[in-house]
Amino acid sequence: MEPLHLNRRFLLLAGVALALPVPALAADRPSPEVVVLQWYRLILELIRHTATYSPPVASRAFAYLGVALWEAVASARGLTSLAGQANGLTPLPAAPGAVDEAALVHATLSIATAQLFANTGPTGQRAMTAMTDKLGAKVTDGLDAALAADSAAHGVAIVAHILAWAETDGGSTVENMGFPRQWTPGGKPSSWVPTSAIRLQQTPLLPDWGQNRPFSLTGDLPCGLPSHPEYSEDPASAFYAEAVEVHEISKTLTDEQKLIARFWSDDPMLSPTPPGHWVSILTEISARDALPLDRMADALVRLGMAVADAFIVCWRVKLEYDLLRPITYIRRLIEPKWEPLLNTPPFPEYPSGHSTQSGAASSVLEAIFGPNFAFEDATHEADGLPVRSFPSFSAAAEEAGISRLYGGIHFRAAIDNGISQGECVAEFVNRMKTL
Amino acid sequence: MKKLVLLAFASPAFAEGPAEGPVISQFVEEAETAGFAHSFSGEWEFVVGGGAAVFDCSGDGLPEVFMAGGTNAAVLFLNESSETLAFRKATGSGLEIDMVSGGYPLDIDADGVTDLAILRVGEARLMRGLGDCKFTDASADWGFGARDLWHTAFAATWEKGADWPTLAFGSYIDRAQEEFPWGNCTENLLYREESGSFRTPVHLAPSFCTLSLLFTDWNRSGTPALRVSNDREYYKGGQEQLWHVDPGTEPRPYTEAEGWQSLRIWGMGIASRDLNDDGYPEYFLTSMADNKLQVLTTPGPEAKPQYADEAFKRGVTAHQPYTGDDLRPSTAWHAQFEDVNNDGYADLFIVKGNVWAMPDFAQADPNNLFLGQEEGTFVEVGDKAGVASMLQGRGGALADLNGDGRVDMLVVNRNGPAQVWRNAGPVGNWVAIKALMQGANRDAVNAWVEVRTGDRTQRQEVLVGGGQAGGVLMPLHFGLGSAENAEARVIWPDGVTSDWVVVTLGQINMVER
């Protein structure tokens with residue numbers, strides 16, 4: 001792990017703050033790092049419990065939360081802003097003369113969360129209010145009132161700037177839980193068709209998501225990917241062989257394979273979603289390793305932008321290829337009553353969204369923490385799934401990808417090429433300057 | 001020893017409806033003229049609940065209505081209906097209780113007077129019926145050690161050989177958890193009696209933030225199991241549940257190895273009816289957006305608890321408003337099957353209402369009335385029937401409130417006025433059957449009542465539980481369409497089957513044992 005990076009401006013500001021004639025700060029006053037982790041714990045719950053937060057929508061929220069947090073920290077410490085780097089982000093308001101970082105990040109995250117999750121239910125609203133009030137009281141306990149107010153005001157200004165920018169990206173409005181009311185099927189044998197008996201899911205989720213403005217990707221949306229094997233119903237074809245692989249594995253799944261499928265299932269409204277799974281991994285690492293604020297914020301914003309851009313390019317390609325799911329093909333040609341282990345997501349198959357975003361997530365995390373960074377993943381412990389250990393981020397991404405084959409919801413090409421697509425996305429994020 | 005007794009409230013049979021499509025009963029809202037003024041009120045702790053208990057405590061054969069009040073006092077409406085609906089708010093009934101979320105009628109002590117199990121945000125209560133619509137808190141007398149929980153669900157059965165009922169109370173969330181309520185489901189409890197007193201309850205662990213419970217003989221084994229519908233908004237690692245509750249043994253949930261299939265929904269209410277006349281009940285589970293209609297996949301003595309969701313196939317997903325401009329997904333609460341147009345096919349009533357300012361879901365969310373059809377599908381007629389209320393519904397009930405043979409409707413709305421509709425018909429032939437036993441379990445809970453017309457047999461299970469925090473304890477209503485003759489029998493809870501007896505149409509027929 002790299003050493004904590006402190007620049008001259010941070011030291012100066014810290015000095016100013018310490019020089020103020022303020023009452024003694026409360027002994028149990030939370031550090032800014034604790035404030036960030038507390039808010040992200042709540043955000044992961046809000047992702048799970050807000051009905052519109054399907055994986056693409058969740059990825060967008062993590063990106064904007066990360067940018068808001070980064071810009072707050074960067075402005076306080078004189079670090080490099082993403083303005084001019086992230087597409088369409090203009091220079092942000094400058095910090096006042098002195099800020100308290102805990103008060104600043106608390107204000108930033110409380111306001112950004114409240115606005116990004118304005119559509120959550122009464123329990124989420126109650127939780128956000130309680131967190132804002134209770135954590136806010138601890139943060140300002142003993143803090144000079146003027147400094148607290150200035151810090152909070154700066155957080156407000158940053159969030160206002162970020163969310164005004166967010167309004168123009170194409171993804172700010174999600175209706176009918178992301179399912180369009182009208183949809184014209186592709187009509188070809190290879191075309192995606194609905195796979196569930198859920199009435200709401202008879203159209204594909206968020207078919208226009210691929211048109212959203214990305215954070216890091218530049219040019220004519222890069223990171224396309226090679227075609228899947230040509231669609232064919234010939235038993236000798238490569239496409240048929242992929243279906244046979246999914247079918248045969250489903251018949252011989254080991255307990256470990258079933259566990260892997262469920263561990264990475266990350267169903268919306270029953271988990272923090274795939275983007276939240278990676279954020280959960282990062283926050284666990286942050287807590288375990290007592291990551292300092294600037295490194296935590298840097299990792300959170302890079303991860304957030306990477307998964308968000310991964311979903312954008314993935315969704316654009318998904319709708320272009322418009323490929324049917326294994327359950328449709330296998331029932332049509334191999335076993336009419338075949339049931340996969342997992343529920344099939346309601347959108348086209350190629351590539352695998354989880355694979356793409358896991359490829360992106362693992363690549364940015366490896367760039368930050370190194371290639372052989374071992375960690376434990378307790379994301380689903382409260383849901384009764386065990387903690388899993390991984391020797392590296394890429395190993396976790398590989399497992400996330402193959403889990404979709406075990407679950408019977410993706411062909412292999414969607415997984416392999418999806419991970420490659422995500423790695424391509426990560427290169428753009430990794431080129432951005434922060435610390 | 002079985003006998004058939006005819007009760008009053010005859011009404012003439014009505015002519016058959018149009019040849020095409022089901023007959024659409026017309027409902028007339030009469031809350032204002034009927035004196036049916038009440039509101040279930042409250043904020044976060046009363047986002048769920050709002051149940052109604054419908055039962056006859058005056059002995060006149062017309063059902064009274066008990067309604068939860070939340071932060072208002074609960075209310076008992078005495079039924080003074082004739083042709084039109086008329087109610088009078090009871091005073092001094094003993095049921096003017098605060099923090100009530102729901103209630104279910106049952107005769108706990110087998111004295112022939114219906115009692116009430118009261119769900120509260122706080123300690124639940126068992127209210128003993130004293131007659132003449134008076135009640136007293138018998139919780140202590142009956143050894144009912146209630147706990148301070150957010151009570152949300154109830155069901156009861158009489159286990160084989162038991163003189164007293166076994167009671168299941170469902171609860172929701174730890175109210176003390178403000179920032180992180182998720183994953184903090186509180187305990188569901190099973191109370192069994194011993195020597196005239198309820199023992200320390202058994203924790204039905206794991207509990208998953210339950211909003212509806214129902215003892216039901218799903219496989220016709222003669223031993224009801226406990227169906228549990230849970231709200232996935234709050235549990236972690238949870239799912240819908242089915243519990244073995246076998247006499248003399250500890251309750252245990254059905255497992256995957258026994259065929260139970262994981263289903264995770266915003267479970268809010270359970271309705272049950274044998275819709276396909278195969279002798280096994282189907283279950284309608286309310287949720288948000290799509291709802292579920294579960295049909296047993298392999299009915300028979302060796303049936304596993306595996307269900308196919310046929311809501312889409314049969315037209316009852318009820319996933320979004322069917323009228324009005326608000327097309328956001330729906331939120332469903334109470335559900336109940338009854339034959340409102342007496343055509344012989346059970347209809348489905350669903351109470352709808354936004355949880356509380358949830359912008360992703362419809363605010364103007366009309367209640368549903370689906371009419372059942374011969375081929376097993378349903379057609380929505382809520383707007384045509386006049387019951388498409390857009391208020392924030394929670395509990396409700398279908399029951400013949402004025403004894404005219406037409407099933408009426410009431411809805412408990414959150415932070416809004418309760419509503420009641422008189423079914424103005426038209427009405428086909430019908431019969432109501434009351435199964436009555438001597439001694440324990442007087443209302444024959446978990447008996448099956450069968451009505452035969454020609455070569456068709458309709459069946460209903462006598463139930464205490466399900467719905468959204470409330471239920472009906474009245475004679476079972478069967479629509480008969482154009483049939484002019486019918487027979488009935490009762491399969492009693494112990495499996496003994498009564499003889500078929502000819503019943504008189506247009507009346508309540510009592511089958512005693």
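Predicted model: local features only at pLDDT ≥ 70, side-chain atom pairs only at ≥ 80, totals over all residues.
**Sheets of chain B**

Strand β27 of chain B, residues 368–372, pairs with β28(B) in the antiparallel sense, over 3 bridges. Both strands are part of an open sheet of 4 strands in chain B, ordered β25-β26-β27-β28, where the pairing is antiparallel. The edges are taken by β25 (332–338) and β28 (378–380) of chain B; each has a single partner strand, so one side of each has no neighbour in the sheet. From one strand to the next the twist averages 20°.

Another open sheet of 4 strands in chain B runs in the order β17-β18-β19-β20, again with antiparallel pairing. Here β17 (210–216) and β20 (252–253) of chain B are the edge strands, and because each has a single partner strand, one side of each is left without a neighbour in the sheet. The pairing of β17(B) with β18 of chain B (residues 225–230) is antiparallel and spans 6 bridges. Within β18(B), B:Asn230 is the residue opposite B:Thr210.

| Strand pair | Sense | Bridges |
|---|---|---|
| β17(B) and β18(B) | antiparallel | 6 bridges |
| β27(B) and β28(B) | antiparallel | 3 bridges |

**Contact between chains A and B**

Chain A puts 25 residues into the contact and chain B puts in 27 residues. On the side of chain A that touches chain B, the elements giving two or more residues are α2 (32–49) and α5 (122–139) of chain A. Of these, α5(A) gives the most, with 7 residues. Sorted by class, that side of chain A has 13 nonpolar, 7 polar and 5 charged residues.

**Nonpolar core**

The largest nonpolar core has 299 residues. Those touching the most other members are A:Leu69, A:Leu303, A:Ala306 and A:Val425. Helix α10 of chain A (residues 293–321) supplies the largest share of this core, 19 residues.

Which residues does A:Val425 touch, leaving aside those up to four places away in sequence? They are A:Leu217, A:Cys223, A:Ala306, A:Asp309, A:Ala310, A:Val313 and A:Ala360.

Conventions. Residues numbered from 1 in each chain as written. Chains lettered and ligands numbered in written order. Core = buried A, V, L, I, M, F, W, Y, C linked by C-beta atoms within 7 Å. Buried ≥ 20, exposed ≤ 12 C-beta atoms within 10 Å, placed from the backbone. Contact = placed C-beta atoms within 7 Å. Pairing = 2+ DSSP bridges. Nonpolar A, V, L, I, M, F, W, Y, C, P; charged D, E, K, R; others polar. Axes fitted to C-alpha atoms, helices over the stretch in contact; angles between N-to-C directions.
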